[in-house]
Amino acid sequence: MNGSSASESSLILAIDFGTQSVRALAYTQSGECRAKHPLPIDQYQHPEPGWTEHDVEGFWTLLTASCQGLWAKGVDPAAIAAVVVTTQRATVINLDEMGRPLRPAIIWTDQRRAPPRGRLPRLWRILFGLLRVRPIVENLEAEAEANWLERYQPELLAQTAHFLLLSGYLNYRLTGELKDSAGSQVGYVPFDFKKQDWCVDSDWKWHSMAIKRYMLPSLRAVGETLGAVTAEAAKATGLPMGAPVIAGAADKACEVLGVGALEAGAASVSCGTTATINTTRSQYVEVVPFMPAYPAALPEHFNTEIQVFRGFWMVSWFLEQFGEAERRRAAERGVPAETLLDELLAQTEPGADGLVLQPFWNPVLGETGPEGRGSIVGFKDSHTRAHVYRALIEGLAFALRSGKERIERRTKTPISCIRLSGGGAQSDQVAQIVADVLNLPVERFDDCEASGRGAAMLGAAAIGWYPSIAKASEAMLGETYGIAPDPEAAKRYDALYEGQYRPLYGRLKSLFARQLAAQ
């Protein structure tokens, strides 16, 4: 099938499984989102402080309900020409040999840590010591979910026949095939990010993680066909049996593609649960040494990503802790409470009257040591919760600016424009703050569903509507709306960033280290 012969009634179904919601989205060949059906993901479980899990079958139930909701909105399931899945990253699922879940999924935000595994051969230990990267390797071992299972649930790990990320599980439920996209392998698994395949047998990661090769799915390149919708999946979802399921990519990678940040100088900023700044390159570059460049939603390309962990999740935290009035008024008006927070930003001036916030909820590689935590300083009796909220948004923007500068230094490529996506990008005030703090023009889209749009672009190229993924991105991007930085605000933010934000962590580091030692 090619672009000229594609039926006008044909649609690509993008299934976007984020952290806070799942969305089924139907896209036309031109990139128009014909309809979408979102559902909140609100059944996370916290069996211990810091733990986050979710019922595995519940994920599939959410996916099927989202599809059924799309048909109820008038989308003809027979029009679906292909299905593409994009998901939250680093959420892991254990299945037995019959494909049945052995325990709840461990979510990427989970903070449990494993004790040292101590399986590295002596030669690797000496090498990592000489390179001074032992702390990075030890952190990987502590964060790897499989290592925690090995120590605390060894019988369960022994029964694990298939160790999958969420993307692999959903693709398995759709196709019956234990296959996943190389573009989705972002997590604590033995993956070679440079080669975009499982590590060779001699790689040190097999010694650092309690994962056997037989547990892992077969990988396909982004844009290749993983399989077809089975009769069982068709019955549950309403999808046409036999519809091709295309190898997608992780949600952040699809966002980068979905905003068209493929050329040098363009950066994708995601105002999502995890805030990120990303660029796309054909060369493998580790922006933070020994931290990988992730697979892009473009074969043999990489995303140079800097994360602000928990990012715009902090908006939800602010609403929960300080936003009772907004939540009440939003319920009365039938609108999202987040839309009312712009009123708080309108009440304050750039700089939040002296409040400065560093959004480090956890240690941040490249920014902090293991003592890492956040701070907010500069309180006066004139400050209100509006100032706190502005400081929160400005702090996120400052962290993104720090990431931008790190990417520019490592890639030796200046960033000249920002393409904005994610829930926070829907706020005019937030978009303006990002433009002012980074002192760069910002482009936004009518359709804020960048990851879903990126997934649809992959599907459109895979079934031949366009000759390449890059051409699909160009054709399906849609209209952009520019926001220019305000010169006066940008000047003020530059002084705050250089004079207060950047030196702040260094001045508090010893205090944080003492707090960590006292725990």
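Me: What makes D353 partly exposed?
Reply: D353 has 34% relative accessibility. Buried means under 20% relative accessible area, exposed over 50%, and partly exposed lies in between (1.4 Å probe, protein chains only). So D353 counts as partly exposed.

Me: What kind of model is this, and how are residues numbered?
Reply: The model is predicted; local features need pLDDT of at least 70, side-chain atom pairs count only at pLDDT 80 or more, and totals for chains, interfaces and linings use all residues. Residues are numbered from 1 along each chain as its sequence is written, and side-chain values use heavy atoms, with hydrogens and water left out.

Me: Why is the contact of K380 with D353 called a salt bridge?
Reply: The term asks for a side-chain nitrogen of Lys or Arg within 4 Å of a carboxyl oxygen of Asp or Glu. The closest N and O atoms of K380 and D353 are 3.3 Å apart. Therefore the pair qualifies. K380, at 44% relative accessibility, is partly exposed.

Me: What makes the K380 and D353 pair a link between distant parts of the chain?
Reply: They are 27 residues apart. K380 sits in the loop between β20 (375-377) and α13 (385-411). D353 sits in the loop between α12 (342-346) and β19 (356-358). Helices (H or I, at least four residues) and strands (E, at least two) are DSSP runs, numbered from the N terminus.

Me: How do you know that R103 and E53 form a salt bridge, and are they buried or exposed?
Reply: Their N to O distance is 2.9 Å, so the pair meets the cut-off. R103 has 9% relative accessibility and E53 has 5%, so both count as buried.

Me: Why does D251 have no salt bridge?
Reply: The nearest side chain of opposite charge, R89, is 4.2 Å away. Lys and Arg count as positive and Asp and Glu as negative; His and the chain ends are not counted. The limit is 4 Å, so D251 has no salt bridge. D251 is buried and lies in helix α9 (residues 251-258).

Me: How do you know that β6 pairs with β8?
Reply: Two strands pair if DSSP finds at least two bridges between them. Four bridges join β6 to β8 (residues 162-165), so they pair. The two strands run antiparallel. L95 stands opposite H162 in β8.
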